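This briefing concerns charged side chains, aromatic packing and backbone geometry in one protein. Please consult the sequence and the coordinates alongside the points that follow.

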Amino acid sequence: MPEYIYDVVLKTQLGLKRGIMSLHIEQENINGYLDILQHSEPFNGEIDITGNCILQGKFKTLIRFIEYTARGHIDKSNVQLVLQSTGEQFVMTGTARIQETQQTT
């Protein structure tokens, strides 16, 4: 099951919030964790062969939880999602972390 880790930026009304998104893909299923605002929450959803996806999850702000449905595109290099919540919309972008490879001598 492929695992991906991204450094993400969530654009909010109070500014840019940086975090980490880790995810696993198995066939058309996707699940993982969004670590943002010093809190980690799971998400899950579906992804197609071209990387178009829909995810459901929540994240915690300083005062409340925000449940969202995210739509967008994920590939091995980038994340581009729009998180839709009741009355609010957030844009999240991200770049894959470079996986360190071990060299044998």
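Predicted model: local features only at pLDDT ≥ 70, side-chain atom pairs only at ≥ 80, totals over all residues.

**Glu-41 and its surroundings**

- Glu-41 belongs to strand 4, which covers residues 39-47.
- Beyond four places in sequence, the contacts of Glu-41 are Gly-32, Tyr-33, Leu-34, Lys-58, Phe-59 and Phe-65.

**Salt bridges**

- The structure contains 2 salt bridges.
- One of them links Asp-7 and Arg-97, whose closest N and O atoms are 2.9 Å apart.
- Because Asp-7 is in strand 1 (residues 3-12) and Arg-97 is in the segment after strand 8 (88-96), this pair ties together parts that are 90 residues apart in sequence.
- Asp-7 is partly exposed, at 37% relative accessibility, and Arg-97 is likewise partly exposed, with a relative accessible area of 37%.
- A salt bridge is also formed by Glu-88 and Arg-64, with 2.8 Å between the closest N and O atoms.
- Glu-88 is placed in strand 8 and Arg-64 in the loop between strand 5 (52-60) and strand 6 (65-74), so the pair connects parts that are 24 residues apart in sequence.
- Within this pair, Glu-88 is buried at 18% relative accessibility, whereas Arg-64 is partly exposed at 39%.

**Aromatic residues**

- The count of aromatic pairs is 3.
- Among them is the tilted pair of Phe-59 and Tyr-68, with 6.1 Å from centre to centre and 40° between the planes.
- Phe-59 and Tyr-68 are both buried.
- Together with Phe-90, these two residues, Phe-59 and Tyr-68, make up one aromatic cluster.
- Phe-59 is also one of the residues in contact with Glu-41.

**Val-79**

- Val-79 is part of strand 7, residues 78-85, and is buried with a relative accessible area of 1%.
- Leaving out residues up to four places away in sequence, Val-79 touches Tyr-6, Met-21, His-73, Ile-74, Met-92, Thr-93 and Gly-94.
- Val-79 and Ser-22 are separated by 57 residues in sequence and by 11 Å in space, C-alpha to C-alpha.

- Leu-37 is located in the loop between strand 3 (29-36) and strand 4, and its phi is near 55°, a positive value in a residue other than glycine.
- Gln-38 lies in the loop between strand 3 and strand 4 and has a positive phi of about 60°, although it is not a glycine.
- Leu-37 is partly exposed at 31% relative accessibility, while Gln-38 is exposed with a relative accessible area of 84%.

**Confidence in the model**

- Over residues 101-105 the pLDDT stays under 50, and the model has 0 contacts beyond four places in sequence for them.

Definitions and conventions: Residues numbered from 1 in each chain as written. Heavy atoms only, no water. Salt bridge = Lys/Arg side-chain N within 4 Å of Asp/Glu carboxyl O. Helix = DSSP H or I, 4+ residues; strand = E, 2+ residues; numbered from the N terminus. Buried < 20%, exposed > 50% of the residue type's maximum accessible area, 1.4 Å probe, protein only. Contact = heavy atoms within 4.5 Å. pLDDT = per-residue confidence, 0-100. Phe/Tyr/Trp six-rings, centres within 6.5 Å; stacked < 30°, edge-to-face > 60°.
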